[in-house]
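User: I would like a close look at a single part of this model, followed by a connected account of the rest.

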Amino acid sequence: MHNKDSEAEIHPLKTEDVKVQENHENSVERRIVNKQSSQLSRLSRWRTAAFFISLFLCLIIVFAFSFIIPCPERPVSERTWFRNYNHAVAYQFLAIQDVNKDKVQDVIFAFKASNGSSSFNRSCLDEGLPSPCAFIAAVSGTNGRALWERPAAEEVEWMECGIKQLGGAEALGCLVVGKPVSLTAVDGHTGEIQWRHSSDFGANYTVLTPVSVIPDVDSDGVQDLIIFIATGDKIKTFIHSGKNGKQIGSTGSLTVDGKPRYTRLKLVSSTYFLFYTENSLYAYSLKDLYRAATGMEINLPSLQQDPQWEKNIDSTTHRLSLLSFGDIRYLAKIPGQSQENILVVNSDMAMLINAHNLQTLWTLNVSRVVSEPLLGYYKASVLGIVLESEIGPNTKEVMVVESGSGTVQWSLKLNSRAESPGPATLPTADHRSTFLIWGEYQVPGNDTRSRAPLQKLYLFHPSYANVLLELRNSTDQIIAFDALLFERSRHACYVLLRGPQPSEEPGMVSLMKRKLKEDVSGSRVIWLSQVAVDSEQYIRDRLYRMRFQSQA
């Protein structure tokens, strides 16, 4: 400090010059700061303006989508609807698919009458058919409104729906096998006939069902159809083009030793058709069937043969040498870890066969099985098999069997009519199933065998293993029954088709869809054991709130 004062005294002018220079530098810095502040202020105003403009544009877009551009309406499904037809008879077919593309499943069924409903005012004469004739109808799953109706044949022998590209159409189609023999392809979306062909199946024939869709063998870009006709001890094989219905090649012929049925088995790289009678089991690869029908060889990846299976098939009779069963009642495909396995059910036993090496995985003693084996889940993500077996006059036992081990997970005895519908299952969000069963539960000690069993529908869920819900009591003749999710992972319903059959006098045919929750809320709780864990209303509420899960 002292040095600076001395220097100022010695050089006074120099000190003033320094002060002037410092003042000038400070002035320049202030101008720079003021300029920067001004620029920042303008930039801040621009940012504010840009923010409010963006906000304004967003509000305009939201307003447009909310009020100006209409949102797609979600169909409001009625909880219950009926569709009635007078002076008609019903066929035992129900098909479920989205016909009108509203993301709600619809119902396709067949009935016989002189005229269709008043919605379309169609008659048999419109298609050149004698009256009465068989109509195919599609009904909306939301409200029961008729979507289309079409006279299709004099009589319906079989109907198969959900076929892709049938007739070259984009929508799923239906194939109607009629009498006198005719094949009719119907567009599932519009009901229009894609093609119709007459065939000669011979006399006293039986169509083996279902009709199978096979890979495109005539190179027209559309999957083809293979139809099996049983006449005496022969099975005739017909391959038809899925695009135009024309027969491909000639008629093949297979020999069996009784009244046959069949199932189709998909192996890793090949497809086999298993024909079974009461005493024998036959196996034919798709390649064999194509060769028999056309007399030609074809090399397609999907028409390969399995070496292990070919070793065990008799080259002359096509019997499976490793599998010998008597009185075969049902043959069913059961999903396995890598491929489908085979469930063989005869008069007193059920056996699961490994489809790779044809070895028995497990056996279960079971008496006369009265309905097709059904898949469901008693334990979470553990596949089970539902078997209904006759254990006495008008009495059956319902069992859920674990598919991996053959262990009985749950069973129930019911009184039952011979014509009662088979069971149904619905997948729930807890990776288990809801089971729907027909029959009449008899409280132990209350003997009601002196009268005919009533026809009641029960609901069972594994979360309450000792509880049944009685949903409804039907006195009408039930032709067909099914349960499904009408929308993805929601809208659980069941469908009933009631009325006289083709062999009976015409009357009222009624198609009904009912939401499952409507019956659950007013159901009767039945305790299978004396231990009541919760109140009845709590169980109803819990099962009413149950959520469902569509399977992939």
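Analyst: Pro453 lies in the loop between β25 (433–439) and β26 (456–460), where helices (H or I, at least four residues) and strands (E, at least two) are DSSP runs, numbered from the N terminus. This is a predicted model, in which local features need pLDDT of at least 70 and side-chain atom pairs count only at pLDDT 80 or more, while totals for chains, interfaces and linings use all residues. Residues are numbered from 1 along each chain as its sequence is written, and side-chain values use heavy atoms, with hydrogens and water left out.

Pro453 is buried, with a relative accessible area of 8%; buried means under 20% relative accessible area, exposed over 50%, and partly exposed in between (1.4 Å probe, protein chains only). Not counting residues up to four places away in sequence, Pro453 touches Asn394, Asn415, Ser416, Arg417 and Glu440, a contact being heavy atoms within 4.5 Å. Of these, Asn394 is 59 residues from Pro453 in sequence, and the two are 7.2 Å apart in space, C-alpha to C-alpha.

A nonpolar core is a set of buried Ala, Val, Leu, Ile, Met, Phe, Trp, Tyr and Cys residues joined through side-chain atoms within 4.5 Å. This core has 25 residues, and Leu436, Phe481 and Leu516 touch the most other members.

For the protein chain as a whole, the secondary structure comes to six helices and 31 strands, and buried residues make up 47% of the 552 residues. Among the contacts with a separation of 6 or more, 51% are accounted for by residues 24 or more positions apart. The accessible surface comes to about 28000 Å², of which 50% belongs to carbon and sulfur atoms, as computed by the Shrake-Rupley method with a 1.4 Å probe, where for residues only the protein chains shown count as cover.
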